[in-house]
Amino acid sequence: MNTVLATPTDNQLAASLSHVSKTYKHFKLQDLSFSLERGTVAGLIGPNGAGKSTTMRILMGLVHPNSGTVQVLGQPISSSQASAKQDIGYYSEDMRLYKPESILWHMQFVRSLYPSWDDAYARELLDRFGLIEQQAIKGLSHGQRVKAMLLLILARRPKFLILDEPTNGLDPVAKHEVLTELMRVVEDPDRTILYSSHNTADIEKICDSITFIDRGRLIASDNRDSFLEQWKRIKLHAPETWQTPSIRGLRLESTFHQLRILSLSHFRDEIPAELQSSGATIEAIDPMSLEEIFVSSVMRGREGEGS
Amino acid sequence: MTIHSWITISLSDPLPLYLQVIEQVKRRVAVGDLKPGTELPSIRQLASQLQVSVITIKRAYLELERDGVIVTRQGKGSVVAERPGLQVAMQERELKDRLTQAADLGLLLGKSKTEMQRRMAEAYEQSQKGKP
């Protein structure tokens with residue numbers, strides 16, 4: 001029973017992308033590299049059109065990158081890797097169920113394709129999601145349809161769930177039901193979730209790691225707490241002549257009389273002392289929300305300043 | 001699982017999530033809801049119950065263990081430490097924290113030490129009589 005606490009080895013990774021690029025006529029995914037540790041929930045956050053869905057389709061082997069390597073559950077992914085796909089559950093709003101047929105019909109259909117189908121679990125999900133098995137797909141609301149699709153994926157008990165905006169358009173109750181089931185999935189340390197959203201609030205609590213992308217580029221990828229610890233909003237008082245000291249990741253956001261509001265992307269313990277010695281008096285160093293961090297990262301990235 | 005759990009996690013609280021967990025476990029020990037030897041949920045179970053990330057709970061448990069509040073045995077899960085005086089220590093800590101907060105506020109508002117002592121005595125008497 002040796003538990004390794006060092007950096008994860010390939011075996012501890014559910015998936016990794018290395019220098020992945022894909023060019024379309026009007027969109028380019030550029031040199032994307034990040035990895036997901038097994039047993040964690042990873043959030044993929046980006047504005048609409050950032051490349052989230054393309055990234056997920058690459059992980060599913062549905063899209064082939066022009067360059068770079070992709071590993072999923074210890075295997076290089078390609079369209080021929082049917083065995084790895086048994087262990088992957090992919091959700092996207094683009095997927096369609098067969099309208100005239102019932103939820104039960106779909107359950108039987110998926111069961112016939114996947115030996116890992118767990119019927120008892122499927123029944124529990126029906127109950128917890130408040131779905132009726134005889135109901136035809138065409139009569140379902142948006143929320144019920146999303147839950148029905150997730151049921152069909154979850155009941156296969158895949159090791160790796162790739163969920164493209166699964167809570168998009170859900171009411172708060174349905175969203176709570178879905179998040180509850182996702183958290184149950186990772187009670188098993190061998191199962192992993194990659195979850196995309198343009199809404200940071202949806203996933204702020206549940207994610208272990210977060211990857212920000214914008215316009216086909218990686219902006220940042222780190223564990224959630226590191227983001228929250230490194231980004232700060234600083235309020236300080238300084239004379240008119242005060243110049244923002246050159247500290248990595250520090251920038252002046254606004255000025256109100258003597259008050260300066262700054263954002264900082266790389267907090268260190270020495271920074272308060274460095275600011276004081278520049279002639280400023282610190283009023284407060286506050287944490288930023290993940291949403292504020294996301295917007296700031298994207299804006300800084302777009303200005304080509306990076307960090 | 002439930003939005004009404006024994007630990008309440010809020011994103012609007014400026015305190016980081018793992019510190020919210022630590023604070024609330026310590027409070028439960030202070031008031032006696034969590035007694036020495038009581039089993040705690042596993043890291044992944046609690047993460048699932050509170051709908052927070054596994055890393056958040058892992059970090060909270062590691063710090064609680066370092067502070068001597070809980071004991072984790074590999075493969076057996078975590079229990080509240082069976083240490084004499086743990087509850088009193090948690091009570092003292094909470095009392096000290098709140099007094100410090102009040103003192104800081106007094107200082108910020110320019111109140112004198114005697115003024116603060118008088119106000120404390122007043123507040124104490126009011127509590128004794130029941131709610132003001």
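**Reading the helices, the core and the interface**

Tutor: In chain B, helix 1 (residues 17–30) packs against helix 4 (residues 86–108) at an angle of about 120 degrees, and their axes are 8 Å apart. This is a predicted model, in which local features need pLDDT of at least 70, side-chain atom pairs count only at pLDDT 80 or more, and totals for chains, interfaces and linings use all residues. Residues are numbered from 1 along each chain as its sequence is written, while chains are lettered from A and ligands numbered from 1 in the order in which they are written.

Student: How are helices, axes and angles defined?

Tutor: Helices (H or I, at least four residues) and strands (E, at least two) are DSSP runs, numbered from the N terminus. Axes are lines fitted to C-alpha atoms, for helices over the stretch in contact, and angles run from 0 to 180 degrees between N-to-C directions. Angles under 35 degrees count as roughly parallel, over 145 as roughly antiparallel, 65 to 115 as roughly perpendicular and the rest as oblique. Helix 1 of chain B and helix 4 of chain B are therefore oblique to each other.

Student: Which residues make the contact of helix 1 of chain B with helix 4 of chain B?

Tutor: Two residues are in contact if their C-beta atoms, placed from the backbone, lie within 7 Å. Helix 1 of chain B contributes B:Lys26, B:Arg27, B:Val29 and B:Ala30, and helix 4 of chain B contributes residues including B:Leu86, B:Met90 and B:Glu94.

Student: At what angle do helix 1 of chain B and helix 3 of chain B pack?

Tutor: Helix 1 of chain B and helix 3 (residues 54–66) of chain B pack at about 45 degrees, with axes 8 Å apart. That makes helix 1 of chain B oblique to helix 3 of chain B. Among the residues that meet are B:Val21 in helix 1 of chain B and B:Ile57 in helix 3 of chain B.

Student: Where else does B:Ile57 make contacts?

Tutor: Leaving aside neighbours within four places in sequence, B:Ile57 is in contact with B:Val21, B:Ile43, B:Leu46, B:Ala47 and B:Val52.

Student: What is a nonpolar core, and which residues touch the most other members here?

Tutor: A residue is buried if 20 or more other C-beta atoms lie within 10 Å of its own, exposed if 12 or fewer, and partly exposed in between; C-beta atoms are placed from the backbone. A nonpolar core is a set of buried Ala, Val, Leu, Ile, Met, Phe, Trp, Tyr and Cys residues joined through C-beta atoms within 7 Å. The largest such core has 96 residues, and A:Leu59, A:Leu151, A:Ile162, A:Ile193 and B:Ile57 touch the most other members. Helix 5 (residues 142–154) of chain A gives the most to this core, with eight residues.

Student: How does helix 5 of chain A lie against helix 6 of chain A?

Tutor: The two pack at an angle of about 10 degrees, with their axes 10 Å apart. That makes helix 5 of chain A roughly parallel to helix 6 of chain A.

Student: Is A:Asp171 buried or exposed?

Tutor: A:Asp171 has 12 C-beta neighbours inside 10 Å and therefore counts as exposed. A:Asp171 lies in the loop between strand 7 (160–164) and helix 6 of chain A.

Student: How many residues of chain A are in contact with chain B?

Tutor: In chain A, 21 residues are in contact with 18 residues of chain B. Helix 6 of chain A gives the most to the side of chain A that touches chain B, with four residues.

Student: What may be said of chain A as a whole?

Tutor: Chain A has ten helices and 14 strands. Of its 307 residues, 36% count as buried.
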